[in-house]
Amino acid sequence: MKRVIADPAQVGADTLDRSDVLTGITGVLQAVILLATAVVFVIWFHRVRVNGGIMRPDAFSQSRGWAVGGWFIPIGNLFLPYRTAKEIWTASTRFAPDGSFREVSAAPVHAWWAAWVLSVLTDRLFSALYERAGTPEALRDASAVGMVCDLLTVAAAVLAIVFVRKLTTMQTVKAEQGPYAAV
């Protein structure tokens, strides 16, 4: 980009075409990986929602179908899955030995969701900037936003792994050891 901005005539068409092809391939690979991961994640999300409903049916404000459907509602997909995730978290938390509610930090839920929403919003910004980029400088700026988006997506993925592992462990322990925590 520096060479194109400094002197566009010095950069050959082959170099520009190669850059476009590599950008396209990268975009397709990212889309395929995201789609495959999203399918597996939504199946897991529905499964833990069903488990949560068995463990504590009174913890939910939505039916179990929203664990899948909430992801596909425009604008709603920015908050409906988060509400479901928090409710699953609550349902998966064991009670104190005396039967009272025991608070377990929901930081994994909050961190994952914040990173995910930021990555989605940044991706929308990147797409708009990239489509409108009419100059090398605008393309460079759009690419910088795209890199930030990719970093946020990686952060969201890492935090999703933390969330998945913690919630799965919580449900496994609750199923194996019962709804009441030991003293």
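How many of the 13 residues of α4 are buried? The answer is 10, and α4 is mostly covered. This is a predicted model. The buried residues of α4 are L80, P81, Y82, T84, A85, E87, I88, W89, A91 and S92. They pack against α2, α3 (66-69), α5 and α6.

## Where α4 meets α6

Two packed helices are described by the angle between their axes and the distance between the axes. Helix α4 covers residues 80-92, and helix α6 covers residues 136-177. Their angle is about 35 degrees, and their axes lie 9 Å apart. The crossing of α4 and α6 is left-handed.

Which residues of α4 make this contact? They are A85, I88, W89, A91 and S92. Facing them in α6 are F163, K166, L167, M170, Q171 and K174. The residues of this contact divide into seven nonpolar, two polar and two charged.

## The nonpolar core

The largest nonpolar core has 24 residues. F45, W89, W112 and F163 have the most contacts inside it. Helices α2 (13-55), α4, α5 (107-132) and α6 each supply at least two residues of this core.

Take F45. Leaving aside its neighbours within four places in sequence, F45 is in contact with A67, W71, P81, T84, A85, I88 and F163. Of these partners, A85 and I88 in α4 also meet α6.

## Helix α5 and W112

W112 lies in helix α5. Is W112 buried or exposed? W112 has a relative accessible area of 3%. Buried means under 20%, so W112 counts as buried. Leaving aside neighbours within four places in sequence, the contacts of W112 are F41, W71, A85, A156, L159, A160 and F163. R102 is 10 residues from W112 in sequence, but the two are 22 Å apart in space, C-alpha to C-alpha.

Other residues of α5 are buried as well, among them P108, V109, W113, A115 and V117. The list also includes S119, V120 and T122. What covers the buried residues of α5 includes α2, α4 and α6. The length of α5 fits as well: at 1.5 Å a residue, its 26 residues should span 38 Å, and its end C-alpha atoms are 38 Å apart, which agrees.

Key
Residues are numbered from 1 along each chain as its sequence is written. This is a predicted model: local features need pLDDT of at least 70, side-chain atom pairs count only at pLDDT 80 or more; totals for chains, interfaces and linings use all residues. Side-chain values use heavy atoms; hydrogens and water are left out. Axes are lines fitted to C-alpha atoms, for helices over the stretch in contact, and angles run from 0 to 180 degrees between N-to-C directions. Helices (H or I, at least four residues) and strands (E, at least two) are DSSP runs, numbered from the N terminus. A crossing is left-handed if the near helix is turned anticlockwise from the far one by less than a right angle, and right-handed if clockwise. Contact means heavy atoms within 4.5 Å. Ala, Val, Leu, Ile, Met, Phe, Trp, Tyr, Cys and Pro count as nonpolar, Asp, Glu, Lys and Arg as charged, and the others, Gly among them, as polar. A nonpolar core is a set of buried Ala, Val, Leu, Ile, Met, Phe, Trp, Tyr and Cys residues joined through side-chain atoms within 4.5 Å. Buried means under 20% relative accessible area, exposed over 50%, partly exposed in between (1.4 Å probe, protein chains only). The expected span of a helix is 1.5 Å times one less than its number of residues.
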